[in-house]
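Dear colleague,

I am passing on the structure below, together with some notes on what was found in it. Please read the notes with the structure open beside them.

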Amino acid sequence: MSHRSFVWLCLLPLAVVTAAFFLLPMARLVVTGAGGPQGLAGYLAILTEPRYRATLINTVLLAAATTIVTLIVATIAGMFLQRHRFPGRAVLIAMLTFPLAFPGVVVGFMIILLAGRQGLIGDFSNRLFGEKLVFAYSIYGLFLGYLYFSIPRVILTIMAAVQKLDIGLEEAARSLGAGPWAVQRDVVLPALAPAFVASGAIAFATAMGAFGTAFTLATNIDVLPMLIYTEFTLAANFSISAALSVGLGIITWFILALARSFSGSAVAAAG
Amino acid sequence: MSAQAGHGAAVRIDACGKTFADGTRALQPATLDIARGETLVLLGPSGCGKTTMLRIIAGLELPDAGGRVLFDGKDMTPVPIERRNVGMVFQSYALFPNMTVSDNIGYGLKIRGVPSKERAERVAELVTLTNISGLEHRRIDQLSGGQRQRVALARAVAIRPGILLLDEPLTALDAALRDRLRSELNRLLRALGITTIYVTHDQSEAMELGDRVVVMQKGAIAQIGTPREIYFTPRSRFVAEFIGAANIVEATIEDRHLVLPGGRQPIHCDVNMPAAVAMIRPETIRVTSAGSASLSGTIDSISFIGDRQRLVVSGASNRLLTVDAPNTLRTRPGERIGLSISPDAVRLLPPES
């Protein structure tokens, strides 16, 4: 057997698995999406049908807000954790990254414990103002849940990037007269740009498609994965839910590609 | 460059020591005066405290309590680096990768709020001065090591600093480039005439660039002097061996002579000593015929260097003696030769160093 055919033989299992569990279902999904009464136009429903479009916009806004707030919180925390040594630091990092181990259902459960009808925040506000503050079952609860499991991933990426930062760059900027804000603006943040893009992309994609948390909180939250679920299981509208699924994938991919090309110059320059 | 004639600030380091948080003593309390416009080189092996001293002057490290840094008589110790108006060149160059060459050079001016037109003029001036015309719009990762070094220097000088601080600026370059840039840097520093503090572990850099050289050892100053003083009259065995090549000879002194296994070497010393330590530079030893010489030995090995040949001679001293001979001298290993050394060339060192 030649070396070349040996390599091909080794790739065979991968090819079988890819075909069986990725390519075929995807193809099937695409076909189903076009199989509804509207045919191929079903794919446009995500944009033309007002209810779907509103949900799409909602989902993108939620994912964008999650990404931005996560990046801000995680950058400050990650920079501090990487640059300072203090007692309990290792424990704190372990705690911050603990949510990585939780499935979405558990995160949703925790949000309900925090901000649900019997939640901590409601209890507290009831005693303070005589009114229960409850937001677990809305898009705000979902936002909090997404933050909770996006922050650990982003913190770890940012900490790794901060560790690789050349302290000399900051010292050079200071020697040229730059104060703390200018150093951050001109040196540190541009150098971290690749890490922002990489970890922000993960946070965004997760927030676009995560289902478990939303499902645990409420069935009527207006985000795409929930919409797909209700169309599929409750309305048995296979073709629309397939079209929406494909649409969700394409739109997420498109926005990520856009972000990557926008930051492309910054990433290349910081490389 | 007219604004720079006059030449920066005078620096005084007053009892500056540095102990790090883990208890390591990086620098013994040291006091040092650097005149306006002087180029002072801090020279020593790694870990001798030279970079720590530079960082204290820069304002990147605080000296231990009691130490002070003064610029033109003004106490700068509590002033952070961003307000000390020092230009600094780092060993890694630390150029901003997200900016072009001219943005790097102009960064300090931009921070100071200099209008863009004036900034562009100053950048153009420095681009010419440091010989990097045509590279203004390049990114940093498109530059060679030598070009980066020039950009780093231009950036540090652009802000018209009171003091220029250079931390091993040539160490990252290969040997041939290092030699070329060394003389270029020398010319540039003379032209700028600004107070300069230059850290290096390379004694030939120190010799060529320094008005004065501070030799450091284990966190303390071993000797301060002009390159000539340091070379010809080292005060300790460490300095003698660190600067240039040196033969260290241990012998008794009797009747104005070093008594050596290979003969007697006349010296300038009226006292008889049972155990003296002397330094003899290889280039001060002249090779003569063995018969008439008062000191003689046998050639162990010869390395031909080009402009000279280096002989290793045994039997003359208590250890092998290095001799620099003219490249035309015809000789071979095993041959017996005479060694003629002027008494002026023998430098006695304190024995306990």
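**What was found**

In chain B, strand β11 and strand β14 (residues 273-280) run antiparallel and are joined by six bridges, strands being DSSP runs of E with at least two residues, numbered from the N terminus, as helices are runs of H or I with at least four. This is a predicted model, in which local features need pLDDT of at least 70, side-chain atom pairs count only at pLDDT 80 or more, and totals for chains, interfaces and linings use all residues. Residues are numbered from 1 along each chain as its sequence is written, chains are lettered from A and ligands numbered from 1 in the order in which they are written, and side-chain values use heavy atoms, with hydrogens and water left out.

B:Ala251 has B:Ala276 of β14(B) as its bridge partner.

Two residues have a positive phi without being glycine. B:Asp255, with a phi of about 55°, lies in the loop between β11 (247-254) and β12 (257-260) of chain B, and counts as exposed (over 50% relative accessible area, 1.4 Å probe, protein chains only) at 54% relative accessibility. B:Ala94, with a phi near 50°, is placed in the loop between β6 (86-89) and α2 (101-111) of chain B, and is buried (under 20%) with a relative accessible area of 2%.

Best regards

Methods
Two strands pair if DSSP finds at least two bridges between them.
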